[in-house]
Amino acid sequence: MQLIVFIVATLMVLVGAVGVIVRKHPVHAALSLILTLFGIAVHFVALEANFLAAVQVIVYAGAIVVLFLFVIMLLGVDASEDLRTDPITAQRPLGAIVAVAILALVGTSIIVSRGILKVTAAGKAVKAANNLRDLARSIFSDYVFAFELTSVLLVIAVVGTVLLARKLPKPEPAVKS
Amino acid sequence: MLAADPLFFRGLSLAVVVIVIVKVLIVFVVGLVATMFMVWFERKIISGMQNRVGPNKAGPWGLLQTLADGIKLFFKEDLVPERADSFVFKLAPFLAFVPAFLVWCVIPLGGDFSNGRGGLVTIAGHRTLVQLADPPIGILLVLMLSSIAVYGIMLAGWSSGSKYPLLGSVRASAQMVSYEAALGLSIGSVLLVAGTLSTNGIVIAQNTISRWHIIATGVVPFVIFVIAGTAELNRPPFDLVEAESELVSGFNTEYSSLRFALFYLAEFMNTVTMSAIIVTLFLGGPQPITIGDTTLNLHLGPFSGTVWFLLKLFIFLYMYVWLRATLPRLRYDQLMNLGWKVLIPIALGWFMLLAALRVARDEGWNRVVVGVVCAVVLAFSYLLLTAAVRTSSKNREKEGAMF
């Protein structure tokens, strides 16, 4: 049963991920991204991390991709892009090199660290029903400083974006009529 | 995820499987019938309020009108516009319809909550809850599904390939995403008092009328939830999504036949489920009215929980129809102002207040001092917010904006 769920969820993730790259239409790519995010949520549920699954759907699928789609629709860039011209020269060979490098890095780290992951006694003691309580306790007691700093970072990002996007009114010469 | 239901404690047997299948069927059929009834109810009440007769031909009192409309829609021609994105166009109605139905699964529809029985009833020797599923994330599932429901409307408008639906869906997504924040924050206040996410647990926590969350959280989250919920449903006075006078019919202009019927059903289904969620969160769900030690008993045995639930549900169904018949539509800037500058700050402030009072109770601090400090902080934040709003609107006026 677990194997079936794993295979289905992984297929969702992979098909979605390939779709994001292959689909030429931005809206279809965004929809593929939703498929990937849902697949990850299914993985979370299979691991009994129900709260993370809910947050995954509410935040990523429910807010972030909606914003993506919103921007795509509002800007009207929903025509397929012309892929024959490169905005930056040598972008594609560089991209290929980076992709291979990342794949090699992730692959080797998985192979090297295969035996390191073990179920500890402390991990076994955590009950799935209480995982929300445990999560809240560690966020708001042990890691409260890091948590608050992250939220400050987000606020700074928003304020910075507004400042950058906002055109300051130029001092216009007063027109006398 | 389903482990919270004692039905599964003793492992799966044939009886358990049959009970689950029967529950699924009942929930599905009750959902469909409730939706059909809601369409009729709305048309009948509105016609009453407007001095008309309303549907009265099909069946007694026009009760079968919805069924007749459904059959008519079923036989209509199914159009896909030439410029539409055909896959997304066909997918969108289901994205709207399926979440509307799934919410129904986590709502306690009845059960025996007296003497700490926790909503369990016994069917053929098996103890079970009168709700399809009681996942530990309970109410978050509702938020999840309401955030997925945005896609149905959004993609329907976009894939139609014409202007009015696109405008409608852009409006819809902006409106639903902004009101979801207020919705979530007012749910937060309820969760703070109830101390659990499971819908069954939330109902158990409200065993007397003074512990109903409408009173225990101090009315404000309830009001915010009802307003934000109405906006989330795109119902009047927040129906800018399909404002007939501006957008023809909004996101569903290009839809016909069965696909239109799915949108239509989803809309009314959402009205019923949103009312049910309000009842569950704030009015004690299937709990009877209990003041002190005296319980108002309906003497209906195992059905009294369901009857109480329906009685409370009707208040909100009627309220939604009443709002539609009474209130004019908001302007778009009014909608956004209400959401971002009024509802979200109040919901957030109230949530912090409740949290502070709770900490004060647990730590044994002086209640009065805590109350005064909270009031001062809230008043200061209010002044800060109004100052910020005033400055920004003055700036925009300088740049020559209309409002």
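Helices (H or I, at least four residues) and strands (E, at least two) are DSSP runs, numbered from the N terminus. The model is predicted: local features need pLDDT of at least 70, side-chain atom pairs count only at pLDDT 80 or more, and totals for chains, interfaces and linings use all residues. Residues are numbered from 1 along each chain as its sequence is written, chains are lettered from A and ligands numbered from 1 in the order in which they are written, and side-chain values use heavy atoms, with hydrogens and water left out.

The loop between α8 (220-232) and α9 (244-247) of chain B holds Pro237(B). The peptide bond that runs from Pro236(B) to Pro237(B) is cis, and its omega is near 5°. Asn234(B) lies in the loop between α8 and α9 of chain B. Its phi is near 60°, a positive value in a residue other than glycine. Asn234(B) counts as buried because its relative accessibility is 5%; buried means under 20% relative accessible area, exposed over 50%, and partly exposed in between (1.4 Å probe, protein chains only). Val219(B) has a positive phi too, of about 60°, and is not a glycine. Val219(B) sits in the loop between α7 (213-216) and α8 of chain B. At 43% relative accessibility, Val219(B) is partly exposed.

Chain A has 7 helices and 0 strands. Along the sequence, the pattern of chain A reads α-α-α-α-α-α-α. Of the 177 residues in chain A, 18% are buried. Contacts (heavy atoms within 4.5 Å) were sorted by separation in sequence. Among those in chain A between residues at least 6 apart, 57% join residues at least 24 apart.

Helix α3 of chain B spans residues 86-103. Its buried residues include Val88(B), Phe89(B), Ala92(B), Pro93(B) and Ala96(B). Phe97(B), Pro99(B), Ala100(B), Phe101(B) and Val103(B) are also among them. The buried residues of α3(B) pack against α2 (26-46) of chain A. They also pack against α1 (14-49), α4 (138-159) and α10 (257-282) of chain B.

Leu109(B) lies in the loop between α3 and β1 (120-123) of chain B. At 12% relative accessibility, Leu109(B) is buried. Not counting residues up to four places away in sequence, Leu109(B) touches Val27(B), Trp104(B), Val130(B), Pro286(B), Thr306(B) and Phe309(B). Leu109(B) and Thr306(B) are 197 residues apart in sequence, yet 5.8 Å apart in space, C-alpha to C-alpha.

The structure holds 7 salt bridges over all chains. A salt bridge is a side-chain nitrogen of Lys or Arg within 4 Å of a carboxyl oxygen of Asp or Glu. One of them pairs Glu42(B) with Arg324(B), with the closest N and O atoms 2.5 Å apart. This pair links distant parts of the chain, Glu42(B) in helix α1 and Arg324(B) in helix α11 (residues 304-326) of chain B, 282 residues apart. Glu42(B) is buried, at 1% relative accessibility. Arg324(B) is partly exposed, at 40%.

Asp333(B) and Arg331(B) also form a salt bridge, at 2.8 Å from N to O. Asp333(B) is buried, with a relative accessible area of 14%. The side chains of Arg361(B) and Asp362(B) meet in another, at 3.8 Å from N to O. Arg361(B) is partly exposed at 48% relative accessibility, while Asp362(B) is exposed at 56%. Salt bridges that share partners join Glu42(B), Arg235(B) and Arg324(B) into one network.

The structure holds 1 cavity of 30 Å³ or more. On a 1 Å grid over the protein atoms alone, a cavity is a set of points where a 1.4 Å probe fits but cannot get out; lining residues have an atom within 4 Å of a point. Grid points are joined across faces, edges and corners, and a volume is the space filled by probe spheres set on the points. The largest cavity has a volume of about 330 Å³. Of the 26 residues that line the largest cavity, Ala149(B), Met176(B), Glu232(B), Leu233(B) and Asn270(B) are the closest to its centre. Two or more lining residues come from each of α3, α4, α5 (163-194), α8 and α10 of chain B. The largest share, 7 residues, comes from α10(B). The lining divides into 19 nonpolar, 4 polar and 3 charged residues. Ala, Val, Leu, Ile, Met, Phe, Trp, Tyr, Cys and Pro count as nonpolar, Asp, Glu, Lys and Arg as charged, and the others, Gly among them, as polar.

Technical notes
On a 1 Å grid over the protein atoms alone, a cavity is a set of points where a 1.4 Å probe fits but cannot get out, and a pocket is an open set with protein on both sides within 12 Å along at least five of seven lines; lining residues have an atom within 4 Å of a point.
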